[in-house]
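Please read this briefing alongside the sequence and the 3D view. It is grouped by topic.

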Amino acid sequence: MSPELEQQFVGYVSGRLQRLHRTAFLLCGDATRADDLVQSTIISLYLHWRRAQAADNLDRYLHRILVRRNIDEPRRAWSRVLLMQWTPERPAPPARSVEDTDAVQTALAALPAGQRAVIILRFFNDLSVEQTAAVLGCSLGNVKSQTSRGLVTLRRLLGDSKHEILRSSP
Amino acid sequence: MTRDEELHPEHVRTLLLAVPAPAPRVDVTRAVKTARRRARTRNAVRAGLSAIVVLGAAIGVVTAVGQLGAGQPAVGTAPPSVVAKTPPATPVSTEPQVGACQGRVLTSPTRASFGEIRGGDPSGRYVIADGVQGFDKIAAVLWTDGTPEILPQPKAANAVQANAVNSLGVVVGTGFGDSQTTFGWVYRSGATRILPKPSGYTFTLASGVNAAGDIVGAAWSRDKQDVAVLWPAADPERPRVLGAPELAWAFDITDDGSIVGTLNDGGSAYAWAASGTGRNLANPTGTTGGKAFAASGDWVVGWVMPGAGDGAGPQPLAARWNLRTGEATAYPHIAGPAKSVSLGGDLIDADGHVVRNGQAYILPRPDSAHAEPGSAVSISEDGTVVIGSAGGAAAVWRC
C-alpha cells in the first residue's frame, strides 16, 4: 500500500475506533475480545483497503467485517461471553447503577446472536432496515422479524430495570 | 400490554448507550504493522503456489502429498522436494512457508453464510462446525468421512455449539436456552443429551472429550465461581468438580485422563493428573499468564503473554508444554492461542497455520475456486490430517 493510501486508511480508522470498539463490545460482551475483534477487523480492512474504498458505503463495509468476525472468531467465543458475567474481570466502572447497566449487558448476552446483531446495528449504529440487511447478508423480512423478536426478548429480560436506566439517562 | 411495559425502539439506543463499555486498547499503528506483515505473507503465498504448480507441470507430478516441511518456501528459489520422508533441515524462518498438503473442500449441509469450523477428532475422520440455518438458528454440524449431518438439538436449546469430537464421533458442546441458560451436552449414538449439573451449580459447558468418552468442561452459578468439571465415562451421571485453588476451567482431556485448562480465566495454564491432582503449568521464561486449550499424549498447547508488555496491548503467543518432561516453550513469532496439537507436538496457531519444529506453514488453497489460502483449526493425532476452512467452507488437508 502506498504511503498516501496508508495515511488515508489510518485517518479513516482512527476516527471510528471508539465507536467500532463499542459496537464490538456490545456484540460480544467482553472487553478483551472486543479489542481482538476491532484489531482483526482493522487488519482485514487494511488488506482490502483498495477494494473497500470502492464500496458505496465504507462504514457499512466495516460493520460487515466486524459482525462476521464476531461470529467467525475462535472457539468458545459464546461461552466466554456468558461466562464473563461471573468472572472477576469486569469492564471499567460504570457511571450509573451497576445493577441496572449490567442488566442491559446481561440481556444482550442472552439474545440469540442474530437478534443481538440486528438490535445493535439498527439502534446503536443507526442503520436502516435495508442497510442492516446488507451488512448481515439477509432479507429485509428477516431483519424486521429479528428486530421485533429482539425487542420483545429484551423487554422481557430487562423487566423493571429498564425504567431505572431510562429515568437516569440524560 | 400496558403502555408502561412497552420498549420503544428509541429507548433501545439509550439502553445500549448505558452499557459501561471499556476504553479500546487497540493501537492502530500496531494493527497496520501486523496488516503489512500479513499482506507480505499473502503475496508470498501466491508466489509460492505458482512455483509449486509450475514445478508439478515440469516433472509430471500431479499431487504433492508428503511431509509438511517438504513444501515450497514462501519466498525463495530452491525447488521443493515433492515427496520427502523427513523435513529438510532448513533453518526456521519467521515468515510462514507453504505446507506440502493437499486439501479437499467438504460438502456443506446448509446454506450457511457464516458457519465456523470448530474442530476435528484425533483420527481425522470427524469434523465439527457451527451451521447457521436461516438467520439466527445455530446448530451443530458433524461430518463423518466427509458426509455432513445436522445434530439433533435438545428441546430446551435455541442454539448449540459443538466444542469437541472424539475418535468415535462423540461430540460435546455448549447449548443456550431461554433465560440465559447455558448447559453442556453430549451427542452419542444418534441422540443429544444434556449433561447433568454438579450439585449446587446452575450452568455448565462441555469443552473436551477423550477416546474413552470422559468429558471435561466447567460449571458455575450466580453465587459460585467457575469450577472445572469431569463427567467420567464410567459414571456420567455423577460429574466431579476438580479441585483447584482458584476459579478454574477445563478445556481438554487426553486418552490417559490428563486434563488441561486454566486458573483465573488466563491467570495461568493448569493441568490435572488422572488422579485429580492439579498443578500449574510453568510459564516459559519471560512470559506471564496463560491458558491450556488442547492436549494430545504428553503435549499441551495454548497461549501465554509476553512478559514485558509494550503498552499497546500485548498479543498472546502460541505456547506448548510437555506434561512428562516439563518443557515449556513460547513461540515469539507465532500468534496464540494454539488450538490443537498432535502426538508429535505439531500445533495449529491462531492464524490457522500448522507449526512444526517452530516453523509455521500455510495451508495451500484446496482448489482454484478459492482465492484465499486455507485456515487450520485442528490437527490429527498422527499429524497427517488437518481440518480447517477455505473460502468459507469446511476443508480437510492431507499433509
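A residue is called buried under 20% relative accessible area, exposed over 50% and partly exposed in between, with a 1.4 Å probe and protein chains only. Helices (H or I, at least four residues) and strands (E, at least two) are DSSP runs, numbered from the N terminus. The model is predicted, so local features need pLDDT of at least 70 and side-chain atom pairs count only at pLDDT 80 or more, while totals for chains, interfaces and linings use all residues. Residues are numbered from 1 along each chain as its sequence is written, chains are lettered from A and ligands numbered from 1 in the order in which they are written, and side-chain values use heavy atoms, with hydrogens and water left out.

**The two chains**

- Chain A has 10 helices and 0 strands, and its elements from the N terminus on read α-α-α-α-α-α-α-α-α-α.
- Chain B has 2 helices and 29 strands.
- Of the 170 residues in chain A, 58% are buried; of the 399 residues in chain B, 55% are buried.
- Contact means heavy atoms within 4.5 Å. In chain A, 68% of the contacts with a separation of 6 or more are between residues 24 or more positions apart.
- In chain B, 43% of the contacts between residues at least 6 apart in sequence join residues at least 24 apart.

- Strand E17 (residues 268-272) of chain B is mostly covered, with 5 of its 5 residues buried.
- Both faces of E17(B) are covered: Ser268(B), Tyr270(B) and Trp272(B) are buried on one side, and Ala269(B) and Ala271(B) on the other.
- Two strands pair if DSSP finds at least two bridges between them. Strand E16 (residues 259-263) of chain B pairs with E17(B) in the antiparallel sense over 5 bridges, and Thr262(B) stands opposite Ala269(B) in E17(B).
- The hairpin of E16(B) and E17(B) has 4 residues between the strands, and Asn264(B) takes a positive phi near 55 degrees there.
- E17(B) also runs antiparallel to strand E18 (residues 278-280) of chain B, joined by 3 bridges, with Ala271(B) opposite Arg279(B) in E18(B).
- In the hairpin of E17(B) and E18(B), 5 residues lie between the strands and Gly276(B) has a positive phi near 100 degrees.

**A four-stranded sheet in chain B**

- An open sheet of 4 strands has the order E19-E20-E21-E22 (chain B), with antiparallel pairing.
- Strand E19 (287-296) and strand E22 (328-335) of chain B are at the edges with a single partner strand each, so one side of each lacks a neighbour in the sheet.
- Neighbouring strands of this sheet are turned by 30 degrees against each other on average, direction ignored.
- E19(B) pairs with strand E20 (residues 299-306) of chain B over 7 bridges in the antiparallel sense; Ala292(B) has Gly302(B) in E20(B) as its bridge partner.

**Helix packing in chain A**

- Helix H8 (residues 129-136) and helix H9 (residues 140-158) of chain A pack at an angle of about 105 degrees, with their axes 9 Å apart. Axes are lines fitted to C-alpha atoms, for helices over the stretch in contact, and angles run from 0 to 180 degrees between N-to-C directions.
- H8(A) is therefore roughly perpendicular to H9(A), a class that covers 65 to 115 degrees, against under 35 for roughly parallel, over 145 for roughly antiparallel and oblique for the rest.
- Val129(A), Glu130(A), Thr132(A) and Ala133(A) in H8(A) meet Leu140(A), Val143(A) and Lys144(A) in H9(A).

**The disulfide**

- A search of the whole structure finds 1 disulfide over all chains, a disulfide being a pair of cysteine sulfur atoms within 2.5 Å.
- Cys101(B) is joined to Cys399(B), S to S 2.2 Å, and the pair is 298 residues apart, linking distant parts of the chain.
- Cys101(B) is in the loop between strand E1 (97-98) and strand E2 (102-105) of chain B, and Cys399(B) is in the segment after strand E29 (393-398) of chain B.
- The link of Cys101(B) and Cys399(B) is right-handed, with 110 degrees about the S-S bond, and both cysteines are buried.

**Leu343 of chain B**

- Leu343(B) is in the loop between strand E23 (340-341) and strand E24 (347-348) of chain B, and counts as partly exposed at 45% relative accessibility.
- Leaving aside neighbours within four places in sequence, Leu343(B) is in contact with Ser296(B), Gly297(B), Trp299(B) and Glu381(B).
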